[in-house]
Amino acid sequence: MMISDYIGLKCVSCGENSSQDHFQYTCESCGENLDVIYDYSSINNNWSKDELRDNTNRSIWRFLPLLPVKEKPENTSIQIGGTPLVESNQLAKELGVKNIWLKDDTRNPSGSLKDRATEVGIRHAKELGYKTMVAASTGNAAASLACLSAVHKMEAIIFAPSSAPPAKLTQILQYGAKLFPVDGSYDDAFDLAADVVKETAWYSRSTGINPILSEGKKTVALEIAEQLNWEMPDQVFVPVGDGCIIGGVYKGFYDLFQLGWIDKIPKIIAVQAEGSSAIVDALGTGKISPVKAETIADSISVDLPRDGLKALRAVTDSGGYGQKVTDDKMLDAQHILAKSTGLFAEPAAATGFAGLIQAAKNGKISSDETAVVLVTGTGLKDINSAQQLVKIPNSISPDLTSFKDRWNQNNG
Ligand SMILES: Cc1ncc(COP(=O)(O)O)c(C=O)c1O
Ligand SMILES: [Zn+2]
């Protein structure tokens, strides 16, 4: 398999180019975020759909020519990506949509889509000679960094709000990372991590500014395209916090479109919690303004999205739209998803599906259109939210009479 044709970085705002030999997180001229750019004609000369089809590596590294690492990564025991795309005829029928596919990224090693970004970020950091990684995170990116740092023998330093679900904080510690719970919001943790990176020679895995991370996240779009045999769906629903995942989804489809491997970029729908909707609001006003985020979906509870420009570009350049959902609708969507498909998602991870339900209700998706929904992380990490709608019943005595009494009570 060929090596990446990653040729440099380009600012999403002012368009300034910079070389990969002089890696920086943000634009030196204007401070905005960067895109990774590739030589598409060289990639097409050396790689093909047929070669990809015959590649037995199911992880994200099957897309190596479109990833920003210089060397073929060594094999590890753990697989990132290669997650199932589950079709649900039942949900399509119920919502009056032609087809629905659910991209099950609960299946990544640490339980969320974030592993895609971490894997590429760590490989990149290693190539540059770093030994220590830093992340500010609402929880999942941190758990992911802790997990994959254990695999790749890197040191992980984590800043997360002390209010993050205990399961996520516990997971971080189990993987052996150094955890600094922060008295404050995710935004406070983000700023602290940025200060720490400035003072140290550590690599920043903070979502939202490091362009290498969007490249990892874009592999979810590359997989969707391949799994659908390069036939694009009409709409793709993505839960949005900082905007890094949705920016990556767009970049994945964009790369494939540039290669001529797909004939259109699907509409990308940004779904946000009503109480944390800076991106969806900006689609109306054209300006990203911070909000005071409040939602049960901790992973997408963000005051000021750090990858805002890429998120807005994903929606506008794909002809998509923004969709807000209430916390109640999110919890409903979580339960419907679990009952109908067996996918147990945390509230943030069910937000894309809540967006689809809302869009179907409002006529924003029609009966002859197809939808892909990103399911971005497992529900097992946040049992408290999951228990808002389902309560564990009182226990019964271990005898048939007690069982029959309870059965009759429930079904009477
Ligand atoms: C499960 C889950 N879904 C969605 C998101 C939103 O991703 P982003 O912040 O890149 O918009 C996150 C981010 O933490 C997440 O953990
Ligand atoms: Zn710039």
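Trainee: What is the order of the strands in the open sheet of 4 strands, and is the pairing parallel or antiparallel?
Mentor: Please keep in mind that this is a predicted model. The order in that open sheet is β8-β7-β6-β9, and the pairing is parallel.

Trainee: Which strands stand at the edges?
Mentor: Those are β8, residues 178-182, and β9, residues 203-204. Each has a single partner strand, so one side of each has no neighbour in the sheet.

Trainee: How many bridges pair β9 with β6?
Mentor: There are 2 bridges between β9 and β6, the latter covering residues 132-136, and the sense is parallel. Within that pair, M133 is opposite Y203 of β9.

Trainee: Which helix lies across β7 and β8?
Mentor: That is α6, residues 166-174. Its direction makes an angle of about 155 degrees with β8.

Trainee: Staying with β7, is F159 buried or exposed?
Mentor: F159, which belongs to strand β7, is buried.

Trainee: What is F159 in contact with, leaving aside its neighbours within four places in sequence?
Mentor: The contacts of F159 are A136, F180, V182, A189, L192 and A193. Of the strands we have discussed, β6 spans 132-136 and β8 spans 178-182.

Trainee: And how far is F159 from Y250 in space?
Mentor: The C-alpha atoms of F159 and Y250 are 28 Å apart, with a separation of 91 residues in sequence.

Trainee: Which strand is joined to β13 by 6 bridges?
Mentor: That is β5, residues 99-104, which runs parallel to β13. In this pair L102 is opposite V373.

Trainee: How many bridges pair β10 with β13?
Mentor: Strand β10, residues 235-239, pairs with β13 over 3 bridges, again in the parallel sense. Here V236 has V372 of β13 as its bridge partner.

Trainee: Now the ligand. How many residues surround ligand 1, and which are the closest?
Mentor: Ligand 1 is surrounded by 21 residues, and the closest are G241, D242, C244, S299 and G377. By type, the shell has 9 nonpolar, 9 polar and 3 charged residues.

Trainee: Which helices each supply at least two residues of that shell?
Mentor: They are α5 (140-152), α10 (244-259) and α14 (347-361). The largest share, 3 residues, is from α10.

Trainee: One more topic, the backbone. What is the phi of K153?
Mentor: K153 has a positive phi of about 60 degrees, although it is not a glycine. K153 sits in the loop between α5 and β7 and is exposed, with 9 other C-beta atoms within 10 Å.

Trainee: Where is N229, and what is its phi?
Mentor: N229 is in the loop between α9 (219-227) and β10. Its phi is positive, near 55 degrees, and N229 is a residue other than glycine.

Trainee: Is N229 buried or exposed, and why?
Mentor: N229 is exposed, because 8 other C-beta atoms lie within 10 Å, and the limit for an exposed residue is 12 or fewer.

Definitions and conventions. Residues are numbered from 1 along each chain as its sequence is written. Chains are lettered from A and ligands numbered from 1 in the order in which they are written. This is a predicted model: local features need pLDDT of at least 70, side-chain atom pairs count only at pLDDT 80 or more; totals for chains, interfaces and linings use all residues. A residue is near a molecule or strand if its C-beta atom, placed from the backbone, lies within 6 Å of it. Ala, Val, Leu, Ile, Met, Phe, Trp, Tyr, Cys and Pro count as nonpolar, Asp, Glu, Lys and Arg as charged, and the others, Gly among them, as polar. Two strands pair if DSSP finds at least two bridges between them. Two residues are in contact if their C-beta atoms, placed from the backbone, lie within 7 Å. Axes are lines fitted to C-alpha atoms, for helices over the stretch in contact, and angles run from 0 to 180 degrees between N-to-C directions. A residue is buried if 20 or more other C-beta atoms lie within 10 Å of its own, exposed if 12 or fewer, and partly exposed in between; C-beta atoms are placed from the backbone.
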